[in-house]
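Reader: I would like to go through a structure and ask what stands behind the words used for it. Please show it to me.

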Amino acid sequence: MADPCCTVRGLVKTYRTGRGTRAAEVRANDAVSLDVRRGEIFGLLGPNGAGKSTLVRQLTGLLRPDTGAIDILGHDIVRHPERASRLLGYLGQESTALDELTVALAAETTGRLRGLPARQARAERDAVLAELGLEPLAGRPIGRLSGGQRRLACFAAALVGERPLLVLDEPTTGMDPVARRAVWAAVDRRRSQHGTTVLLVTHNVIEAETVLDRVAVLDAGRVIACDTPGQLKALVDGRVRLDLVWRTETAPDLPALAAAAGRAQISGRRWTLRTTPEEARELVAAVTSGPAFAALDDFTLATPSLEDAYLELGGRQGGLAE
Ligand SMILES: Nc1ncnc2c1ncn2[C@@H]1O[C@H](COP(=O)(O)OP(=O)(O)OP(=O)(O)O)[C@@H](O)[C@H]1O
């Protein structure tokens, strides 16, 4: 592969829980192999429990794989996990380590721990707080911020003391649209100015489609596909998704709906149908007139998303959403 940043081969991680008769094993990563190129924004997409965080914790040297190999910029991270912190900036799901520090001190301390001289750590701290609009919160302890503000403050800290690879585990969870945009602008800037590579964990399909160059889809610990969002969506080209939301859980029993009822994925009052544009058009006509319309609360017709591609690939029927 041209210019690799991170190469993963045959990674297996099994958690053991309980004791005696309650002992159980969860294979969180099951022979995962991946290639991330330098300078790309690479995503790990999958539902809760797919094994995304387990994978990134191994890449960051925090968790030891049972078997398999991880190479980051020429370094063997399984043999030398301590090297990971010099190669990558990591934003995990928890902020507890930084909770007692103010936003400014968390950013400055991270810079110092990464080997920056005091003056440079302070300069980078000021620049990143300004870049992310965090100056008004600079003096507040991270543990006493809102969930979205806390994520943004931890993201700011992860950016100080530049690293060639950024590993971000659901960075925008809980953030408002302004903060989200600030995060993606900061990521883009680092990529264009320094060629930074970004490995991003998400189960937000819209975000994945917008920001990722390539995405690996994980399901039950395995990579079930790896491609550009566009190529993955091409798997479901020519089809549309129709969501019908009824006023009550008992949808009207009408001949025009019988075939659709048999094929719809039903969740409470919502029916989801993945079908051809022609059939969707007929169904929309049928439900927007007469007794069906009286029973209808809402409907949406959409082009395929990565969510549809995931289901097409054999992903769990519940889909990617939480
Ligand atoms: N410390 C642990 N001990 C035991 N089982 C664990 C542990 N951490 C994770 N697991 C299990 O391993 C599997 C993968 O979990 P992981 O957190 O990697 O998934 P994920 O894709 O990151 O999920 P989410 O989207 O919810 O963050 C799940 O079945 C989870 O219950």
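Author: The questions and answers below set values against definitions.

Author: This is a predicted model, in which local features need pLDDT of at least 70 and side-chain atom pairs count only at pLDDT 80 or more, while totals for chains, interfaces and linings use all residues. Residues are numbered from 1 along each chain as its sequence is written.

Reader: How do you know that S1 and S2 pair?

Author: Two strands pair if DSSP finds at least two bridges between them. S1 and S2 are joined by 11 bridges and run antiparallel, so they meet the definition. Strands, like helices, are DSSP runs numbered from the N terminus (strands are E, at least two residues; helices are H or I, at least four).

Reader: What lies between S1 and S2 in their hairpin?

Author: There are 6 residues between the two strands, and Gly18 in the turn has a positive phi of about 70 degrees.

Reader: What makes S1 and S4 a pair of strands?

Author: Strand S1 (residues 4-17) and strand S4 (residues 67-72) run antiparallel and share 5 bridges. Cys6 has Ile72 in S4 as its bridge partner, and Val12 has Thr67 in S4.

Reader: Which order do the strands S1, S2, S4 and S5 take in their sheet?

Author: The order is S2-S1-S4-S5, an open sheet of 4 strands with antiparallel pairing.

Reader: Why are S2 and S5 called edge strands?

Author: Strand S2 (24-37) and strand S5 (75-76) each pair on one side only. Helix H1 (residues 52-59) lies across S1, S2 and S4, running at about 120 degrees to S1. Such angles run from 0 to 180 degrees between N-to-C directions, and the axes are lines fitted to C-alpha atoms, for helices over the stretch in contact.

Reader: Which residues come nearest to the ligand?

Author: Of the 13 residues around the ligand, the nearest are Tyr15, Ala28, Asn48, Ser53 and Thr54. A residue is near a molecule or strand if its C-beta atom, placed from the backbone, lies within 6 Å of it. S1, S2 and H1 each supply at least two residues of this shell, and H1 gives the most, with 3 residues.

Reader: How do the residues of the shell around the ligand divide into nonpolar, polar and charged?

Author: The shell has 4 nonpolar, 8 polar and 1 charged. Ala, Val, Leu, Ile, Met, Phe, Trp, Tyr, Cys and Pro count as nonpolar, Asp, Glu, Lys and Arg as charged, and the others, Gly among them, as polar.

Reader: Why are H3 and H5 called roughly parallel?

Author: The axes of helix H3 (residues 103-113) and helix H5 (residues 147-159) cross at roughly 25 degrees and come within 7 Å. Angles under 35 degrees count as roughly parallel, over 145 as roughly antiparallel, 65 to 115 as roughly perpendicular and the rest as oblique. H3 and H5 are therefore roughly parallel to each other. Their contact has 6 nonpolar residues, 1 polar and no charged.

Reader: Which residues of H3 and H5 meet?

Author: Val103, Ala106, Ala107 and Thr110 in H3 meet Ala153, Ala156 and Ala157 in H5. Two residues are in contact if their C-beta atoms, placed from the backbone, lie within 7 Å.

Reader: What is the order of the open sheet of 6 strands?

Author: The order is S6-S7-S8-S3-S9-S10, and the pairing is mixed. Strand S6 (88-91) and strand S10 (222-227) are the edge strands. Within this sheet, strand S7 (residues 165-169) and strand S8 (residues 197-202) pair in the parallel sense over 5 bridges. Leu165 has Thr197 in S8 as its bridge partner. H5 packs on the sheet, touching S6 and S7.

Reader: Which residues are bridge partners of Val245?

Author: Val245 stands opposite Arg270 in S13, and its bridge partner in S14 is Asp298.
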